[in-house]
Amino acid sequence: MKAIPRYDNGGADNAGPPGQSLTKCFVARQAILDRNQRVIAYELLFRSSELSNAFDGTDGTQATSRVIANSMLVIGLERILTGKKAFLNFTRDLLLSDYAGFLPPETTVIEVLESVEPTPEVVAACRRLKQKGYTLALDDFAPGNRPNPLTQLADIIKVDFLATNPAEQESLAREFLPQGIQLLAEKVETTVEFQRAREIGYTYFQGYFFARPTIVSGKQTPAIKIHYQNLLCTIHRPEFEFGEVEEVIRQDLSLAYKLLRYINSARFAWWGRIDSIRQALLLLGRDEIRKWVSLAILSSIGEGKPGELVMTAMIRAQFCELLGPLAGSAKDQEKLFVMGMFSVADAIMDKDMKDVLEEIHLDEEVCAALLGVAGEGSRLARIYALVRSYEAGQWDTALALVKLLGVPQDAIPPIYLESIQWSEQILHTKAGS
């Protein structure tokens, strides 16, 4: 019995199946977090999926117009943004056109690229957008630039933390914060950078700092609860006994409650209420038990961490699993799911990945892929690399891996969208919280 149904477009968009609608268009999203590490928006990234064009001669205007067309008219913004705001890159041509009119002002941030010259026409166009209710952000703003009249209209200024030094980052804060302009630190890769940006007044943060472990030398980091560890070891045996899993879950009221709540959620249409742990496990079956247990435990040990961390794990898990059959690894789908799910376990536990994996005894090939020591021909490692490069918008790397794995490139965007939708649906059933 399939416990977790696949995402179904259902024809709601009247735009045909996702696989047809999204051909030759990659759209990914990157989280933008607030000072409390809550996701408040996603920047949408675009790339043509034509392998023959390594640089992707698509200019910024065409790129953003395709993002708008695909996200608004084909995908549906609500599906990829899941209730959050969208940051979209706008070139000069787009600013001077009426393209923004396709997007709702209350959920759209117009991000003016650093290459846009602040000519009188551009300033006038930005002023009109502001009057219509759009939020205006300036991308990759650097100190020392000649006076830019767009700063008089900007709500948000984005500062590249890889391209600026601490003195420049503080200088920008002193200049613009008193004017009521909010600062967004982008390409923030470590918790130390996040904390420093927060201390000097930055409001928003973009980068993978939340998915990196914070390891303090000499400090004892917490281990996985012993019964969690036992349960993970049990479920990753090829043919575990349902009674063993039932016994461990019975010892943890939280896990028992989550399991029964999950099995009785609207995701399933059982003939009656399920109130037995054994019955719930039998209905799920071994493969889905492994998924549910991994999610529930990872969510439990991740309490106090940014919610986007568990969301990232879930999207990666589903993305990896769905790519398996297309990449010639149909028999490894369970391994692929577990690999994606535990890819951020080091950040959740603030431990070295090697130490985490030693505690839970995952498959050797999965461990090798997560540790970056897999052999050159490992399909699991290549699929993991494809997922990582896609989510980061590293399109050249992603396209090279697509070709290497023999995956139909037009299948990638709908699979990514399905992974997002699946993760949102699972979280809404409180499977792991």
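So, lysine 291 and glutamate 288: these two make a salt bridge, with 3.6 Å between the closest N and O atoms. This is a predicted model, by the way, so keep that in mind. Both residues sit in helix H11, which runs over residues 277–301, and they're three residues apart, about one turn of the helix. An α-helix has 3.6 residues a turn, so residues three or four places apart point the same way. And are they buried or exposed? Lysine 291 is buried, and glutamate 288 is too.

That's one of 22 salt bridges that turn up in a search of the whole structure. Now go over to lysine 158. Its side chain meets that of glutamate 43 at 3.0 Å, N to O. Here the partners come from distant parts of the chain: glutamate 43 is in strand E2, residues 39–47, while lysine 158 is in strand E6, residues 156–160, and that's 115 residues apart. Both of them are buried.

Lysine 158 also has a salt bridge to glutamate 111, again with the closest N and O atoms 3.0 Å apart. Glutamate 111 belongs to strand E4, residues 108–112, so its pairing with lysine 158 in E6 ties together parts 47 residues apart in sequence. Glutamate 111 is buried, as is lysine 158.

Last stop, helix H10, residues 253–263. Its N-terminal end is capped by aspartate 252, with a side-chain oxygen 3.0 Å from the backbone nitrogen of serine 254. Further along H10, the buried residues include Leu255, Leu259, Tyr262 and Ile263.

Conventions:
Residues are numbered from 1 along each chain as its sequence is written. This is a predicted model: local features need pLDDT of at least 70, side-chain atom pairs count only at pLDDT 80 or more; totals for chains, interfaces and linings use all residues. Side-chain values use heavy atoms; hydrogens and water are left out. Buried means under 20% relative accessible area, exposed over 50%, partly exposed in between (1.4 Å probe, protein chains only). Helices (H or I, at least four residues) and strands (E, at least two) are DSSP runs, numbered from the N terminus. A polar contact is a pair of N or O atoms within 3.5 Å; within protein, one must be able to donate a hydrogen and the other to accept it, and residues adjacent in sequence count only if both atoms are side-chain atoms. A salt bridge is a side-chain nitrogen of Lys or Arg within 4 Å of a carboxyl oxygen of Asp or Glu.
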